[in-house]
Amino acid sequence: MTRLLGEIAAVGTDPGRGGYTRPVFSTAELDLRSWFIDQAERRSLGVETDRNGIIWAWWNPTDLPLHDAVVTGSHLDSVPGGGAFDGPLGVASALVAVDQLRQRDTTPQRPLGIAVFPEEEGSRFGLACLGSGLLTGAVSAERAARLTDVDGNTFADLAAGQGLDPAFLGRDDEMLRRIGRFVELHVEQGRGLVDLHRPVAIGASIVSHGRWRLSVTGQGNHAGTTLMSDRQDPMVAAAQIVVAVRDAALAEPDARATVGRLVAIPGGTNVIASRVDIGLDVRHPDDAVTAALVGRIADRAQEIATVEGCRATLTEESLSPTVHFDPTLRNELAATLPDAPILDTGAGHDAGVLAAHVPTAMLFVRNPTGISHSPAEHVEDRDAEAGAAALARVLERLLVI
Ligand code: GLV
Ligand code: MN
Ligand code: MN
């Protein structure tokens, strides 16, 4: 694990933000995809990229039909200024698990697949889990094709640049039928394992989460000539809305609400903005509570905007309901890893999308800082090895029974 992760440690480093910036189809993410394909080929795995840009690597030593496979994997894209492990830990662990299964002379009764999903973070096109969403039909091809990055590139154009035909994006029943069960290993993104003094946990659920854009519109104007009393400044409204978001979440037990992005349009220091776009992320274990909380935030944003002579409009960008992983598969994992605690997570994953179609499970590996989506995310070498070994044991059990 240390050697594999070391090979990609310099890819996509971001000197400005710190950590890694590896948006989908950037040079950094493409380099990582090539690295994965090379690693898979060195292991003589059968590699293919499907029509949605998902890379699959198959270990199928006895040439069984590609059906009812055990699939593991994760993603290689990152948030801006993210950590080294969110995504790549699961991909590297999958490769190491194959090595370990071979060393043990495991004879699989079904194929093993490793999947690398594009745009898990939604940091380029705004829609998280885009690859798995396309595969399963949770995201329509038409919607995906129209998604645009900050530079105005559409997903369709960038996908075409990578040899994908935009006409063939979308739900892929043939690929879906190949997957019998899916297990994603991921760095833990909180403090659960640190507090329990354990290296590896089994996932129980992913809490409901979504993204909304709150656009606050005012009157763009000159910073020097516009009297303070004459302004309709959406930035002043946005500043209050950010605090209102925090307060609304504080008033709701177990809720999390975040403004991680604020875009002033046109964005000049001597310009009163005409519009501010607020990127809002809201999460709660109960889907109804998430919806109600977003409703309260929207109402409060409108009140604040009105007082400032502005207008606020809310647009839903994505919404994922709470996912409880398959209890039978979870019990299989628990029988294989009896010391592993069972944890819920507030983070989204491709496993959450696949869970609507196939029995799905997750493993989490201890992160001693408890911090993620930040350069401070960390995994100790011995925990990375423990995670890969745990994944290998789980896969072995699922492959032979
Ligand atoms: C993905 O990491 C998310 O939870 O937003
Ligand atoms: Mn991730
Ligand atoms: Mn992430």
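Which loop is Asp-14 found in? Select Asp-14 and you land between α1 (2–7) and α2 (27–42), where helices (H or I, at least four residues) and strands (E, at least two) are DSSP runs numbered from the N terminus.

Before going on, some housekeeping: this is a predicted model, in which local features need pLDDT of at least 70 and side-chain atom pairs count only at pLDDT 80 or more, while totals for chains, interfaces and linings use all residues. Residues are numbered from 1 along each chain as its sequence is written, chains are lettered from A and ligands numbered from 1 in the order in which they are written, and side-chain values use heavy atoms, with hydrogens and water left out.

**Stop 1: around Asp-14**

Stay on Asp-14, which is buried at a relative accessible area of 13%. Buried here means under 20% relative accessible area, exposed means over 50%, and partly exposed is in between (1.4 Å probe, protein chains only). Show the side chain of Arg-17: it makes a polar contact with the side chain of Asp-14 at 2.8 Å. A polar contact is a pair of N or O atoms within 3.5 Å; within protein, one must be able to donate a hydrogen and the other to accept it, and residues adjacent in sequence count only if both atoms are side-chain atoms.

**Stop 2**

Donors are N, O and S atoms within 2.8 Å of the metal (3.2 Å for Na, K and Ca), and water is not among the atoms, so sites may look incomplete.

Around ligand 3 you'll find Asp-86 (OD), Glu-121 (OE), Glu-121 (OE) and His-373 (NE2) at 2.1 to 2.6 Å. The spacing of these donors is D-x34-E-x251-H. Glu-121 lies in the loop between β4 (112–117) and α4 (130–136), and His-373 in the loop between β15 (360–365) and α13 (381–400), so this pair ties together parts that are 252 residues apart in sequence. Glu-121 is buried, with 6% relative accessible area, whereas His-373 counts as partly exposed at 42%.

**Stop 2: ligand 1**

Which residues surround ligand 1? Glu-121, Arg-283, Ala-347, Gly-348 and His-373 do, each with a heavy atom within 4 Å. Zoom in on the oxygen atoms of the ligand: one is 2.8 Å from an N or O atom in the side chain of Arg-283. Glu-121 has a polar side-chain atom 3.1 Å from a ligand oxygen, and His-373 has one at 3.1 Å too.

**Stop 3: the rings**

How many aromatic pairs are there? The count comes to five, with rings of Phe, Tyr and Trp (its six-membered ring) pairing if their centres lie within 6.5 Å; planes under 30 degrees apart count as stacked, over 60 as edge-to-face and the rest as tilted. Select Trp-56 and Phe-117: their centres are 6.5 Å apart and their planes at 75°, so the pair is edge-to-face. Trp-56 lies in strand β2 (residues 55–59) and Phe-117 in strand β4, so the pair ties together parts 61 residues apart in sequence. Both Trp-56 and Phe-117 are buried.

Phe-125 and Phe-155 make another edge-to-face pair, 5.3 Å centre to centre with 85° between the planes.

**Stop 4: the cores**

Finish with the largest nonpolar core, which has 51 residues. A nonpolar core is a set of buried Ala, Val, Leu, Ile, Met, Phe, Trp, Tyr and Cys residues joined through side-chain atoms within 4.5 Å. Those with the most contacts inside this core include Met-1, Trp-35 and Leu-89. Another core lies apart from it, with 25 residues, among them Val-216, Ala-237, Ala-255 and Val-276.
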